Amino acid sequence: MTITPYSILLRKRDGESLTEAEIRHLVNGACGEGWSDAQLGAFLMAAVIRGMDTEETHALTRAMLESGERWKLVDDVPGVGDKHSTGGVGDKISLVLSPLLAACGIPVAMLTGRGLGHTGGTADKLESIPGLSLELNRQLTVELLQDVGMAIGMATGEIAPADRKLYSLRDVTGTVESLPLITSSILSKKLATGTAGVVFDLKTGDGAFLTEIDEGRRLARMLVETSRSLGTPAKAVITDMNQPLGRWVGHASEVLETLQCLDGEGPEDVMEVTYVLCLELAQLLGKPLERRQLEEAITSGAARRVFDRWARIQGAEESWLDDPQLPLAPVEVPILAPRPGHLAKVANRRLGLLLSTAGGGRKVPGDRIDHEVSLRIDARLGDSVEEGQELARLYLRKEDEELVEHFRGCFGIEDEGNSPPLIYETVG
């Protein structure tokens, strides 16, 4: 029987398992051979609703991995590592971890992506830096690793081209929350670079794609086991995303907070998650570190110097590096506590979606992002607050009282409140 997009969609719609040949047909279609955006979107929705079994997931991951180049960075840079986050609100860990590990002698290469749904992408954040180029190929990545010890950017179209197409469609079709699709998307890029090991920051909670910790454990195991089966050692750390990570959410503001972290002035939660992931990746790569070594790389300025040198090589404007400033949107609106009590709930996912609505995200692929739209967090879950105390501050492009009311509704004050743990467990 001839394999066609129509036949594949019918079978997946009816809950049947696809063969490896059918999945390869789909992946070829995502690379531009015979599948329309509408058909790809239909497959993604069917995969979310009907699910994909282990064999289908492995086949999809392998086909997407093999749809493009495989760099094998470890051949030229032994011991190079990688880190990936499943995404959250205010998550700028990658921007701190890379120069920190590089300053400690552990090279790190990351191919990053754009925002999905309510989360901000690392690539989108970095594009707020004037002049910075994020296009990476193998040669430039190796040169960066050998010169400065880190490389972060977006791969040229030769790396996992199928994922580039499907990734953009997932963002606008409501098909982000699928473990098989998440696994194949992450690993098709991560394993294609050919690093010596990868650590996953698996977010769980209201602001994560996977809100329940049991789901997080399932994805953590899927990522670790699939990575290992395809030859790359891996670990996963399950971390909390029930409130924004750090003090700032927004593309430009998170870059500035990254620099504060590298200058030793970062918020405690961001630094704690960064240190834990650094230690896990270092151990996985056979180059164990002590926490004091990481702290010394911050206090000595070594990590910040690595970031500046990397940014300069990738095209950041000298004037910006000399005086790093990024403007915030002009309309400031405080979010105040309506009553005394404790901050008991933060609708974290909703916060991310509202920031996207305000201009910090995309409605369709190719939309321009307003890097200056931001949210400053002034209270953490469990904090005691007084009536009228500032919980957060919005930075919007224009006045919009209805939107502001939605933001206000994201913060719940009750008589009692607890702070969730920051780190839950390690898998692998």
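This is a predicted model: local features need pLDDT of at least 70, side-chain atom pairs count only at pLDDT 80 or more; totals for chains, interfaces and linings use all residues.
K189 is placed in helix α9, which covers residues 179-190.

**Around K189 and A160**

- A polar atom of the K189 side chain lies 3.1 Å from the backbone oxygen of S185.
- When neighbours within four places in sequence are left aside, the residues in contact with K189 are L111, A160, D163 and Y167.
- A160, one of these contacts of K189, sits in the loop between β4 and α8, the latter spanning residues 161-172.
- The relative accessible area of A160 is 1%, so this residue is buried.
- The phi of A160 is near 40°, which is a positive value in a residue other than glycine.

- Strand β2 runs parallel to β4 (residues 150-155), and the two are joined by 4 bridges.
- Within this pairing, the residue of β4 that stands opposite L111 is G153.
- Helix α5, made up of residues 93-103, is mostly covered, since 10 of its 11 residues are buried.
- The buried residues of α5 include I93, L95, V96, L97, L100 and L101, and also S94, S98, P99 and A102.
- Just after α5, the backbone at G105 takes a positive phi of about 90°.

**Another positive phi**

- Most residues other than glycine have a negative phi.
- K72 is not a glycine, yet its phi is positive, at about 55°.
- The position of K72 is in the loop that lies between α4 (54-65) and β1 (81-85).

**The sheet of β9, β11 and β13**

- Three strands form an open sheet in the order β11-β9-β13, and their pairing is antiparallel.
- Each of β11 (384-385) and β13 (411-414) stands at an edge with a single partner strand, so one side of each has no neighbour in the sheet.
- Strand β9, covering residues 341-346, is joined to β11 by 2 bridges, and these two strands run antiparallel.
- H342 has S384 of β11 standing opposite.

**The second largest pocket**

- The space in the second largest pocket comes to about 280 Å³.
- Its lining consists of 16 residues, and those that lie nearest the centre of this pocket are Q243, E268, D269, R380 and L422.
- Sorted by class, the lining of the second largest pocket comprises 7 nonpolar, 6 charged and 3 polar residues.

**E399 in its loop**

- E399 is found in the loop that runs between β12 (390-396) and α17 (401-408).
- The relative accessible area of E399 is 71%, and E399 therefore counts as exposed, as the cut-off for that class is over 50%.
- E399 and R362 are 37 residues apart along the chain, and their C-alpha atoms are separated by 20 Å.

Definitions and conventions
Residues are numbered from 1 along each chain as its sequence is written. Side-chain values use heavy atoms; hydrogens and water are left out. Buried means under 20% relative accessible area, exposed over 50%, partly exposed in between (1.4 Å probe, protein chains only). Two strands pair if DSSP finds at least two bridges between them. A polar contact is a pair of N or O atoms within 3.5 Å; within protein, one must be able to donate a hydrogen and the other to accept it, and residues adjacent in sequence count only if both atoms are side-chain atoms. Contact means heavy atoms within 4.5 Å. On a 1 Å grid over the protein atoms alone, a cavity is a set of points where a 1.4 Å probe fits but cannot get out, and a pocket is an open set with protein on both sides within 12 Å along at least five of seven lines; lining residues have an atom within 4 Å of a point. Grid points are joined across faces, edges and corners, and a volume is the space filled by probe spheres set on the points. Ala, Val, Leu, Ile, Met, Phe, Trp, Tyr, Cys and Pro count as nonpolar, Asp, Glu, Lys and Arg as charged, and the others, Gly among them, as polar.
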